[in-house]
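Open the model in your viewer and keep the selection panel handy. We will go stop by stop.

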Amino acid sequence: MAKYLLLKHYRGAPAAVNDVPMDQWTPEELSAHLQYMEDFAARLEGTGEFVDSQALSPEGTFVRYDGEGRPPITDGPFAETKDLIAGWMVIDVETYERALELAGELSAAPGAGGKPIHEWLEVRPFLAAPPTITE
Amino acid sequence: MDEALLRTLTPTVIGILGRRGADFAAAEDAVQDALAEAVRVWPDDPPRDPMGWLVTVAWRKFLDAARADTSRRHREVRAEGEPLPGPGEAADDTLQLYFLCAHPSLTPASAVALTLRAVGGLTTRQIAQAYLVPEATMAQRISRAKRTVSGVRFNQPGDVATVLRVLYLVFNEGYSGDVDLAAEAIRLTRQLAAKINHEEVAGLLALMLLHHARRPARTGPDGRLVPLAEQDRSRWNTRLIAEGVDVLQTALTRDRLGEFQAQAAIAALHADARTAAETDWVQIVEWYDELVRLTDSPVVRLNRAVAVGEADSPRAGLAALAGLDPALPRHAAVAAYLHERDGDPVTAARLYAEAARSAPNLPERDHLTRQAARLNAQLRS
């Protein structure tokens, strides 16, 4: 098994096909979307492939060290142009192909007009612990 | 075996070990070990005297640990040299434990964890699951907290207000994992109310009961948040409401009003209304005025603006909102609500979308997005 991060962006990914802000959907379309996401996670729990799922606030700040005895420097909130992570799901699957398949399904979550959003999700393999047997 | 009943014995047993000379940290560890053994042994071999059993086993665990730890040898000799008092409980052992676990030298998160373990008898694993952190992290948090309070004398009187803040935090954490923290907070507050006659302890207990009573109606079948005005009031727990109102009324007769009693009074007025339309908003505003006087908190002023919007007019609610910092949590959501009531759906939709972006949790975000979507759909048609 190998772990993959399915990363969803507020900004920074190519535009989705069905790219309508959520507050412009109908309440029914919203419900259908949330239900799809919940069912997706529940199904992966059922197949033993779900690890974790978290959503992030769109508010955030960059921080860096500014030397001994000084408070850290901050930059932000993020400017409009910067990449912005919306949330993630971590899955533990047999193959890379399975990770792509699941990311595809997640990207097909229904949006405005009840049609799939076709949003871009980023699939990133985890760097795992080294195996015991190496030769 | 009733695990909740078993856990109610925890603070008493810690107190008894303390009076036999064990320091708090060692006594607490020994009692946790004894509880774990009880869970293992009691289903097949239930003791006639559960308390006596726990004291005996915990004391043995304590002596074993003290013997194994050479640095504790001195303490062990002292403990064994003292005459052993009987297992009868000194009246305020449990109370002292509440004060110790909520000691002002602890951070809120540490005080919460220590209270749940030493007073509540929960295992580190259960507490870690409830707060969604790794068990090792929670174990460290608890052992650091025990070190922090190690110098505190067990019999120092404490401040009830610090204990109430800890219990309030536990209650507000709600529900995740297999431990119902809200129910646990009620149990611990009930136990505290039985030990100490204090109007704000009663006020907090009433507040918890009245909010807990609404829990079945607060989420829809699909998990979505149902706002107070739209809740199916037949699903409110009338037994809890009756108890909450009763506890509150007794507290109020003492004429020593505090923050929790005032909050409970507001919850009681909501509970009293058979429909949302029957809510006595005028009285609720009066209670918010009391709360502003008691706390001078901007969050209270924000909630007061909602009540003013209902008691008087949405325009008056917006006027009450005007002086408050827009950066306050939920400010945009309250403004959106009042603007919609004031007949301005365009501004309301914009503010709901803004509120969704700064929502502190997912159910609230979904709820606020839904409100924006509802208004935008209306505006399109």
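**Stop 1: a helix in chain A.** This is a predicted model. Select α1(A), which has 21 residues. From its first C-alpha to its last, the helix reaches 30 Å, close to the 30 Å expected at 1.5 Å a residue.

Which residues of α1(A) are buried? Highlight A:E29, A:L30, A:H33 and A:L44. Now look down the axis of α1(A): these buried residues fall within an arc of 115 degrees, so they line one face of the helix.

Turn to the other side of α1(A). There A:E28, A:D39, A:A42, A:E45 and A:G46 are exposed.

What do the buried residues of α1(A) pack against? Show β2 (50-55) and β5 (84-93) of chain A.

Step just past the end of α1(A) and click A:G48. Its phi is positive, about 75 degrees.

**Stop 2: the sheet in chain A.** Select β2, β5, β1 and β6 of chain A. These four strands form an open sheet in the order β2-β5-β1-β6, with antiparallel pairing. Which strands sit at the edges? They are β2 and β6 (121-125) of chain A, and each pairs on one side only. On average, neighbouring strands of this sheet are turned by 20 degrees against each other, direction ignored.

Zoom in on β1 (residues 2-11) and β5(A). The two run antiparallel, and nine bridges join them. For one pair, pick A:L6: its bridge partner in β5(A) is A:M89.

Next, show helix α2 (residues 96-107) of chain A. Helix α2 packs on the sheet and touches β1, β5 and β6 of chain A. Its direction makes about 155 degrees with that of β6(A).

**Stop 3: where the chains meet.** Colour the two chains apart. Here 13 residues of chain A are in contact with 14 residues of chain B. Which element of chain A gives the most to this side? Go back to helix α1 (residues 27-47), which contributes five residues. Sorted by class, the side of chain A that touches chain B has seven nonpolar, four polar and two charged residues.

**Stop 4: chain B.** Chain B holds 21 helices and two strands. Its C-alpha trace spans about 80 × 45 × 40 Å along its principal axes. Chain B has 381 residues, and 42% of them count as buried. Last, consider contacts in chain B between residues at least 6 apart in sequence: 61% of them join residues at least 24 apart.

Note on methods
Residues are numbered from 1 along each chain as its sequence is written. Chains are lettered from A and ligands numbered from 1 in the order in which they are written. This is a predicted model: local features need pLDDT of at least 70, side-chain atom pairs count only at pLDDT 80 or more; totals for chains, interfaces and linings use all residues. Two residues are in contact if their C-beta atoms, placed from the backbone, lie within 7 Å. Ala, Val, Leu, Ile, Met, Phe, Trp, Tyr, Cys and Pro count as nonpolar, Asp, Glu, Lys and Arg as charged, and the others, Gly among them, as polar. The expected span of a helix is 1.5 Å times one less than its number of residues. A residue is buried if 20 or more other C-beta atoms lie within 10 Å of its own, exposed if 12 or fewer, and partly exposed in between; C-beta atoms are placed from the backbone. The arc is that of the directions from the helix axis to the C-beta atoms. Two strands pair if DSSP finds at least two bridges between them. Axes are lines fitted to C-alpha atoms, for helices over the stretch in contact, and angles run from 0 to 180 degrees between N-to-C directions.
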